[in-house]
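Please find below a short note on the model under review. It is arranged as numbered points.

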Amino acid sequence: MTDLRTPLSKVRGLGSAKDGTHHWWLQRVTAIANIPLTIFMVVSFVGNVGKDHAEWVAWLKQPLVSVIMILFVANLFYHLRLGLQVVVEDYVHDHGTKITTMLAISFGTVLMAALSIFSVLRIAFGG
Amino acid sequence: MAQGNRPLSPHLQVYRWGAHMAVSIMHRATGSALAFGAILLTWWLVALATGHEYFNMVQGYASSFIGRIVLFGLTFALMQHMASGIRHLFMDTGKLYDLKPNSLTAKLTFLFSIVMTLLIWVAAYKVMGEL
């Protein structure tokens with residue numbers, strides 16, 4: 001098949017969205033990172049289910065657990081923001097609504113990630 | 001932007017259902033459900049940092065009948081999304097595009113997520129001593 005792309009377009013590799021495979025690639029990177037993080041969280045939550053507040057705090061206070069939880073929520077919210085973007089791009093056709101929805105999702109995911117990370121830090125450093 | 005009476009490309013209703021189609025739709029549906037689940041995780045972490053009184057209230061919601069149904073659903077969504085996501089990673093390398101392996105692995109993601117969901121909940125009930 002004849003390639004209609006210009007040599008410059010091929011070299012840049014940015015495509016019609018002007019950012020190339022950046023979104024696609026980060027979705028894969030965060031997806032792969034999510035696998036071990038999710039397995040750790042599922043095993044931990046099942047293993048600790050039914051514990052009281054002090055016991056959960058003691059669990060989350062462990063340096064390794066605090067760090068893994070922070071990495072988990074950061075990666076999780078990044079991944080789901082990328083995923084929701086694709087859903088919005090597919091179903092929201094009005095340009096203004098699309099941009100407004102994406103802004104709300106971006107701000108919302110950053111807020112949720114910040115709340116989660118701050119909570120972990122507060123428990124990790126708190127008395 | 002689709003406006004006026006321009007013809008639209010065919011959508012879901014014109015295709016015959018198959019495992020490959022179900023797994024694709026489920027990937028998006030479970031992903032959206034898990035976005036909601038992530039907000040619940042944030043709520044839980046904030047509750048844990050707030051104090052034992054507020055935390056106990058949130059735990060009360062989580063362990064209520066409705067709370068358990070929601071968490072059971074989210075467990076299934078998580079397992080299904082993970083299995084189907086791993087299948088997508090293989091497809092990214094150009095594999096699983098032949099009809100048979102494509103359909104077989106699509107069915108396997110459902111088998112995996114159903115079995116894992118049940119195992120996780122049996123394990124959780126054992127840990128709580130309710131089983």
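This is a predicted model: local features need pLDDT of at least 70, side-chain atom pairs count only at pLDDT 80 or more; totals for chains, interfaces and linings use all residues.

1. Residues are numbered from 1 along each chain as its sequence is written, with chains lettered from A and ligands numbered from 1 in the order in which they are written.

2. Contact between the chains involves 28 residues of chain B and 27 residues of chain A (two residues are in contact if their C-beta atoms, placed from the backbone, lie within 7 Å). On the chain B side, α1 (19-50), α2, α3 and α4 each supply at least two residues; helices here are DSSP runs of H or I with at least four residues, numbered from the N terminus. The greatest share comes from α1(B), with 13 residues. By class, this side of chain B has 20 nonpolar, six polar and two charged residues (Ala, Val, Leu, Ile, Met, Phe, Trp, Tyr, Cys and Pro count as nonpolar, Asp, Glu, Lys and Arg as charged, and the others, Gly among them, as polar).

3. Within chain B, α1(B) and α3(B) pack with their axes 8 Å apart at an angle of about 130° (axes are lines fitted to C-alpha atoms, for helices over the stretch in contact, and angles run from 0 to 180 degrees between N-to-C directions). The two helices are therefore oblique to each other, a class left for angles that are not under 35 degrees (roughly parallel), over 145 (roughly antiparallel) or 65 to 115 (roughly perpendicular). Residues of α1(B) including Val23(B), Met26(B) and His27(B) meet residues of α3(B) including Leu74(B), Ala77(B) and Leu78(B). This contact has seven nonpolar, seven polar and no charged residues.

4. The axes of α2 (residues 52-63) of chain B and α3(B) come within 4 Å and cross at roughly 70°, which makes α2(B) roughly perpendicular to α3(B). Tyr61(B), Ala62(B) and Ser63(B) of α2(B) make the contact with Gly67(B), Arg68(B) and Leu71(B) of α3(B). Three nonpolar, two polar and one charged residues take part.

5. Asp98(B) is placed in the loop between α3 (65-92) and α4 (99-128) of chain B. Asp98(B) counts as exposed because it has 9 C-beta neighbours inside 10 Å (exposed: 12 or fewer other C-beta atoms within 10 Å; buried: 20 or more; partly exposed: in between; C-beta atoms are placed from the backbone). The C-alpha atoms of Asp98(B) and Ser64(B) are separated by 45 Å, with the two residues 34 apart along the chain.
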